[in-house]
Amino acid sequence: MAFIVQLEYQEYLFTLLIGAVYGPVLASTILLHEIAKSKTREYLMNYKDSSCNTPFYNEFLITTAGPLSHLPQGLFWHALYIRFGGSFVLPLLSLLDIDIDNLKEGGAATFISAVAIQAFVMNAVMLNLNMLVPVHPFPGARALVAVLVLLFGLSLSTAGFVTATMGILVGLGIFWVGLFLCLVNYTIISVCLVGLSCYTMFSGVRLLRMTAQGLAHEHVLFQQPCYRQTDTRTIEEEVLSDDNEESIA
């Protein structure tokens with residue numbers, strides 16, 4: 001009877017931990033992400049005459065504001081983890097392992113520490129996925145396109161080719177990491193990584209195909225007004241170039 005009560009108590013603690021992490025913690029993380037993006041857009045709209053208010057800065061700052069909000073959030077949860085007994089150097093090999101026995105015996109401090117480390121991992125994953133995966137709908141793709149087109153002045157077709165190629169390469173990298181983790185320690189995370197890699201490569205191939213067909217401007221990454229102006233200017237330059245070649249001939 002005592003064993004059954006202990007088992008039920010452990011299951012209750014595990015359920016409470018998962019509920020805390022993927023309930024209020026996840027909700028607040030997403031909320032702060034959206035607030036950062038909204039406040040950045042509001043700030044840029046209120047300071048239209050600022051020297052920083054250019055198409056590049058507008059697109060790049062609005063795109064990266066949400067993902068970068070996970071950096072201070074992650075630091076906060078890391079500090080909370082240390083405050084309640086965690087080490088400064090994170091145990092990278094066991095970040096997602098939950099020791100139910102230790103959770104039961106450690107009391108409230110251990111529970112808060114467990115929530116903090118899970119929240120830290122959540123923010124770290126969101127930051128990296130949003131910034132380092134260069135395919136739609138991740139903001140990293142929009143940030144990369146903004147740099148290529150609005151900062152470096154590349155054409156939409158060139159930016160589409162570069163973005164698509166990087167997406168395919170990143171997808172291949174994620175696939176091999178996910179496959180390795182599946183072979184070493186089969187978990188839901190390794191399966192998700194393999195699924196993410198397939199989606200990343202598929203999106204990259206789709207953008208590459210549209211670019212090869214001269215349809216990069218129709219891709220969702222280039223639907224912002226600043227890219228439409230760039231596309232129009234590029235088309236006008238091509239028309240003028242063709243006219244000049246015909247007149248020389």
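Reader: Which residues of H5 meet which residues of H6?

Author: Contact here means heavy atoms within 4.5 Å. By that rule, Leu144, Val145, Leu148 and Val149 in H5 meet Leu156, Ala159, Val162, Thr163 and Met166 in H6. These residues divide into eight nonpolar, one polar and no charged; Ala, Val, Leu, Ile, Met, Phe, Trp, Tyr, Cys and Pro count as nonpolar, Asp, Glu, Lys and Arg as charged, and the others, Gly among them, as polar. Please note that this is a predicted model, in which local features need pLDDT of at least 70 and side-chain atom pairs count only at pLDDT 80 or more, while totals for chains, interfaces and linings use all residues. Residues are numbered from 1 along each chain as its sequence is written, and side-chain values use heavy atoms, with hydrogens and water left out.

Reader: At what angle do H5 and H6 pack?

Author: An axis is a line fitted to C-alpha atoms, for helices over the stretch in contact, and angles run from 0 to 180 degrees between N-to-C directions. Helix H5 (residues 139-151) and helix H6 (residues 156-184) pack at about 145°, and their axes are 9 Å apart. The crossing of H5 and H6 is right-handed; a crossing is left-handed if the near helix is turned anticlockwise from the far one by less than a right angle, and right-handed if clockwise.

Reader: How many helices and strands does the protein chain have?

Author: Helices (H or I, at least four residues) and strands (E, at least two) are DSSP runs, numbered from the N terminus. The protein chain has eight helices and zero strands. Among its contacts with a separation of 6 or more, 70% are between residues 24 or more positions apart.

Reader: How far does H6 reach from its first C-alpha to its last?

Author: The expected span of a helix is 1.5 Å times one less than its number of residues. H6, with 29 residues, reaches 42 Å, close to the 42 Å expected. Helix H2 (residues 55-68) has 14 residues and reaches 20 Å, close to the 20 Å expected.

Reader: Which residues of H6 are buried?

Author: Buried means under 20% relative accessible area, exposed over 50%, and partly exposed in between (1.4 Å probe, protein chains only). An α-helix has 3.6 residues a turn, so residues three or four places apart point the same way. The buried residues of H6 are Leu156, Ala159, Gly160, Thr163, Ala164, Gly167, Gly171, Ile174, Gly178 and Cys182. In H2, the buried residues include Phe56, Glu59 and Ile62. Of the 249 residues of the protein chain, 36% count as buried.

Reader: What is glycine 171 in contact with, beyond its neighbours within four places in sequence?

Author: Glycine 171 is in contact with Ser197, Thr200 and Met201, those neighbours left aside. Glycine 171 counts as buried because its relative accessibility is 0%.

Reader: How many disulfides does the structure hold?

Author: A disulfide is a covalent bond between the sulfur atoms of two cysteines. The criterion is a pair of cysteine sulfur atoms within 2.5 Å, and the structure holds zero disulfides. The sulfur of cysteine 182 is 9.7 Å from the closest cysteine sulfur, in cysteine 192, and is therefore too far for a bond. Cysteine 182 is buried at 19% relative accessibility, whereas cysteine 198 is partly exposed at 41%.

Reader: What does tyrosine 227 touch, not counting residues up to four places away in sequence?

Author: Tyrosine 227 lies in helix H8 (residues 225-248) and is buried, at 1% relative accessibility. Among the residues that tyrosine 227 touches are Glu59, Arg142, Val145, Val149 and Leu156.

Reader: Where is threonine 29 found?

Author: Threonine 29 is in helix H1 (residues 2-46) and is buried, with a relative accessible area of 0%. Residues up to four places away not counted, threonine 29 touches His70, Gln73, Met122, Asn123 and Met126.

Reader: Is the peptide bond from histidine 136 to proline 137 cis or trans?

Author: Most residues other than glycine have a negative phi, and most peptide bonds are trans. The bond from histidine 136 to proline 137 is cis, with omega near 10°. Proline 137 is in the loop between helix H4 (100-132) and H5.
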